[in-house]
Amino acid sequence: YQMASSGISVSYCELEQHSNQGAHLFRQLGLKPTDGIAILLPNHVEYLKITWAAQRSGLYYTPISTLFQRDEIHYIVENSDVKVLVTQSDLLSKLNPDKLKNLQVFLVDGEDQSNNANNWQQRRSACPITPIEGESEGAEMIYSSGTTGQPKGVRFSLTQAPLGTVSSLFSTRVALHSITAECRYLSTAPLYHSAPLRYNMMVTRLGGTATIMEKFDPEQAMRLIEANRITHSQWVPTMFVRLLKLPSDIRQQYDLSSLAFLIHAAAPCPVDILSLIHI
């Protein structure tokens, strides 16, 4: 996969090695299958390395929105009973140090001794690049928006099935959207949302290539579709609206013919908006 704006790319060899190292680190930290970690990050090059380290360790991994405030973040951290939190330094201000005492905190951009936060990459890089013993499938544990009360975590049962075991729902999604190793996927939304995270995990599991936008911009999205010959992409309706607000001469200057699947999620899309989308 590659990050759209920074241009940083991660090969499958690097993803394999770094996620193996992350899995070893989780084991060294005392985590066992069915334990949990949390990730409080924007779209960052380390994100999928962390989720794959948890996925192959039999762990639950809980993404947390960077837009949440202190009380919301701590509610999810405490409610999910996670043992490790991976974040970055500018988000530490959203955390209460007194509530981090039972957590092992890691930063992807340095360290902070005052908060007992270690550097994720440094600790991970000291671990073996080979798989851990007893790899088993983990799962994401994503929280609802909490519009009718406190957010609720969606927790799938973990049976410690061997790595590579997938659900019938996974197979249905793959067949429905014809996802193969030839897939070139454009990820437009924050990875702390369920659909972007699941689609990126699905594409990388199957050997496809993902381009991950750090922040959505409609013209950049079209530019990326043309430049990377994107075949699949997942948007939300408000992104379509932003696209349609661009001048027609800008919308028409990009070659979007490679795009086979344009998937929308998160909310119903008005028919009049769908009827105007011709990409």
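Me: Buried means under 20% relative accessible area, exposed over 50%, and partly exposed in between (1.4 Å probe, protein chains only). Which residues of helix α7 are buried?
Reply: This is a predicted model, in which local features need pLDDT of at least 70 and side-chain atom pairs count only at pLDDT 80 or more, while totals for chains, interfaces and linings use all residues. Residues are numbered from 1 along each chain as its sequence is written, and side-chain values use heavy atoms, with hydrogens and water left out. Helix α7 covers residues 218-228, and its buried residues are P218, Q220, A221, M222, L224 and I225.

Me: What makes α7 a helix, and what covers its buried residues?
Reply: Helices (H or I, at least four residues) and strands (E, at least two) are DSSP runs, numbered from the N terminus. The cover over the buried residues of α7 includes the strands β10 (184-187), β11 (209-212) and β12 (232-235), together with the helices α8 (237-244) and α9 (248-251).

Me: What is found at the start of α7, and what follows the helix?
Reply: At the start, a side-chain oxygen of D217 comes to within 3.3 Å of the backbone nitrogen of E219. A polar contact is a pair of N or O atoms within 3.5 Å; within protein, one must be able to donate a hydrogen and the other to accept it, and residues adjacent in sequence count only if both atoms are side-chain atoms. After α7 comes R229, which has a positive phi, near 50 degrees.

Me: What makes H74 count as buried?
Reply: H74 has 4% relative accessibility, so it counts as buried. This histidine lies in helix α3, residues 70-80.

Me: Which atom does the side chain of H74 reach, and which residues does H74 touch?
Reply: The side chain of H74 reaches the backbone nitrogen of N96 at 2.7 Å. Contact means heavy atoms within 4.5 Å. With neighbours within four places in sequence left aside, H74 is in contact with K94, L95, N96, K99 and L100.

Me: Why is M239 called buried?
Reply: M239 has a relative accessible area of 8%, so it is called buried. M239 belongs to helix α8. With neighbours within four places in sequence left aside, its contacts are T188, A189 and F216. M239 and A161 are 78 residues apart in sequence, and 37 Å separate their C-alpha atoms in space.

Me: How many disulfides are there in the whole structure?
Reply: A search of the whole structure gives zero. A disulfide is a pair of cysteine sulfur atoms within 2.5 Å. For C13, the closest cysteine sulfur is that of C127, 17 Å away, so the pair is too far apart for a bond.

Me: What makes β2 and β3 a pair?
Reply: Two strands pair if DSSP finds at least two bridges between them. Strand β2 (residues 36-39) and strand β3 (residues 60-63) run parallel and are joined by four bridges.

Me: How many bridges join β5 to β4, and how many join β5 to β6?
Reply: Strand β4 (residues 84-87) pairs with strand β5 (residues 104-107) over four bridges in the parallel sense, and T87 has L107 in β5 as its bridge partner. Between β5 and β6, which run parallel, there are three bridges; V105 stands opposite A117 in β6.
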